[in-house]
Amino acid sequence: MKTTHLTDTRFTNLELSSTILKGLKDAGFEQCSPIQDKSLPIALRDRDVAGQAQTGTGKTASFLLAAFQRLLNDNSEKKKYPRAIILAPTRELAIQIHKDALLLGKHLGFNLALIYGGTDYQKQLKAVQGNVDIIIATPGRIIDFYRQKAFSLDNIQVMVLDEADRMFDLGFIKDIRYLLNRMPAPEKRLNMLFSATLSFKVSELAYEHMYQPVMVKIETEEVTSESINQFAFCPANEQKIPLLIGLLNSHKPERSIVFVNTKRSAEKLADYLAANGHQTALLSGDVPQEKRQRLLADFQASKVTIMIATDVAARGLHIPDVSHVFNFDLPQDAEDYVHRIGRTARFGAKGEAISFICEEYAYSMPDIENYINQKVPVHKVTEDLLPELTKPAPRPRVPRKQYSPRKPAPRTRTKA
Ligand code: AMP
């Protein structure tokens, strides 16, 4: 872990119990990251925090430590469960939070329940019915359990909403409001919300369901500048794949993510890369959960060093130490650009973010440059970056369902 991005504030100087400090020491955390430095002193005084911070800034520890401390301070004789709930938009993020909670909370003896869709229904149901201190969950499955009265929200003392902007993007906001409305009133709990952007709708949610939250920001410039070397190329459409392979050959990235906008584009690219000696993990939105986990584990263990991903698939993924991010297709949303390139250069490590300004998506660039408040320098596409490629074998065609025209519905006369 590089320490250049940490502040001078030591965890030992914060109002944290010795059992929490012990967990931090074991994890090797000594100094706070900027978001921890800004948010912890507030949350440890029981004030609500709405923080603008992305994955990779240390936001998870910010809310976990504050939640732990609040639960340790609860000296009621007969504890009522569950006492805290952490909501995350994706399974991967929930799994990561749970992992961090086990690490940092090692000496606390808290009961954690990890709840997410796709697998282990009965096992998770049983877990949530027990005396759980902290539930870490994605919205869909936890609502399902709540509706079955598997647990109660009456005793929630800490509520965390992680990646709130993604909750909106993924259509979970109704579910979130449903859950929030069934907890004790905002002033009776400690509320923490984290989001990559504190947009109007996120701030509105914060004001509605939190008690006088303090807004804490890690500015976009702090995220995108300095440690990420951003540059771009303007290839013709047919040059995009050769250029990517040329760059992979010359840069030899330790571990890279190639972002594309569509599943079709992802598959074509994966086929070309495979035919030209680059094995990839392909992560599109429809990859089943088990396979996603396997691909991610392979990527994390560096068995595969190139991941091709769409924005939806990559949301909330925790992938440390990515050396290169390629925007094979420029994102159509400027915020996504920041999300994407934020996956490199975490915690002050150096990273490269290379974007293709192609004929199809070039129109996004002015918006992106406006948003990040800087110009992305454009490099020339030189011949040596365009290798001769081997064409991949065509993919087997999946037979389409026969089209059967529907009979039009009979017209009904309506009286005037
Ligand atoms: P997060 O943004 O919460 O996903 O954290 C990014 C990474 O930084 C994770 O691997 C954390 O374990 C690590 N991390 C978080 N806070 C600290 C800290 N204060 N010192 C060192 N590593 C940290």
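Strand β9 (residues 256-259) pairs with β12 (residues 324-327) in the parallel sense through four bridges, where two strands count as paired if DSSP finds at least two bridges between them. The model is predicted, so local features need pLDDT of at least 70 and side-chain atom pairs count only at pLDDT 80 or more, while totals for chains, interfaces and linings use all residues. Residues are numbered from 1 along each chain as its sequence is written, and side-chain values use heavy atoms, with hydrogens and water left out. Helices (H or I, at least four residues) and strands (E, at least two) are DSSP runs numbered from the N terminus.

**The seven-stranded sheet**

- Seven strands make up an open sheet with parallel pairing, in the order β3-β4-β2-β5-β6-β1-β7.
- The edges are taken by β3 (112-115) and β7 (214-217), each of which has a single partner strand, so one side of each is left without a neighbour in the sheet.
- From one strand to the next, the twist averages 10°, with axes taken as lines fitted to C-alpha atoms (for helices over the stretch in contact) and angles running from 0 to 180 degrees between N-to-C directions.
- Strands β5 and β6 pair in the parallel sense over four bridges, and V160 has M192 of β6 as its bridge partner.
- Helix α2 packs on the sheet and touches β1, β6 and β7, its direction making about 165° with that of β7; contact means heavy atoms within 4.5 Å.

**Nonpolar cores**

- The largest nonpolar core has 42 residues, and those with the most contacts inside it are L65, F68 and M192; such a core is a set of buried Ala, Val, Leu, Ile, Met, Phe, Trp, Tyr and Cys residues joined through side-chain atoms within 4.5 Å.
- Among the elements that give two or more residues to this core are α1 (18-27), α2 (34-43), α4 (91-104), β5 and β6 (190-195), while α3 gives the most, with eight residues.
- Leaving aside residues up to four places away in sequence, L65 touches F11, L16, I20, L24, L40, L44 and L104.
- A second, separate core of 35 residues includes A150, L198, A206 and M210.

**Helix α8**

- In α8 (residues 173-180), the residues I173, I176, L179 and L180 are buried.
- Seen down the axis of α8, these buried residues fall within an arc of 120°, so they line one face of the helix; the arc is that of the directions from the helix axis to the C-beta atoms.
- The buried residues of α8 pack against β2 (84-87), α6 (139-147), β5 (158-161), α7 (164-169) and α9 (200-209).

**Salt bridges**

- The count comes to 18 salt bridges, each being a side-chain nitrogen of Lys or Arg within 4 Å of a carboxyl oxygen of Asp or Glu.
- R70 forms a salt bridge with D46, with the closest N and O atoms 3.0 Å apart; R70 lies in helix α3 and D46 in the loop between α2 and β1 (49-52), so the pair ties together parts that are 24 residues apart in sequence.
- R70 counts as buried at 16% relative accessibility, whereas D46, at 42%, counts as partly exposed.
- D311 and R340 meet through their side chains in a salt bridge (2.8 Å, N to O); D311 lies in helix α14 (residues 311-314) and R340 in helix α15 (residues 334-341), so this pair ties together parts that are 29 residues apart in sequence.
- D311 counts as buried at 16% relative accessibility, and R340 is buried with a relative accessible area of 1%.
- The side chains of K375 and E369 also meet in a salt bridge (3.0 Å, N to O), in which K375 counts as exposed at 67% relative accessibility and E369 is buried, with a relative accessible area of 14%.

Note on methods: Buried < 20%, exposed > 50% of the residue type's maximum accessible area, 1.4 Å probe, protein only.
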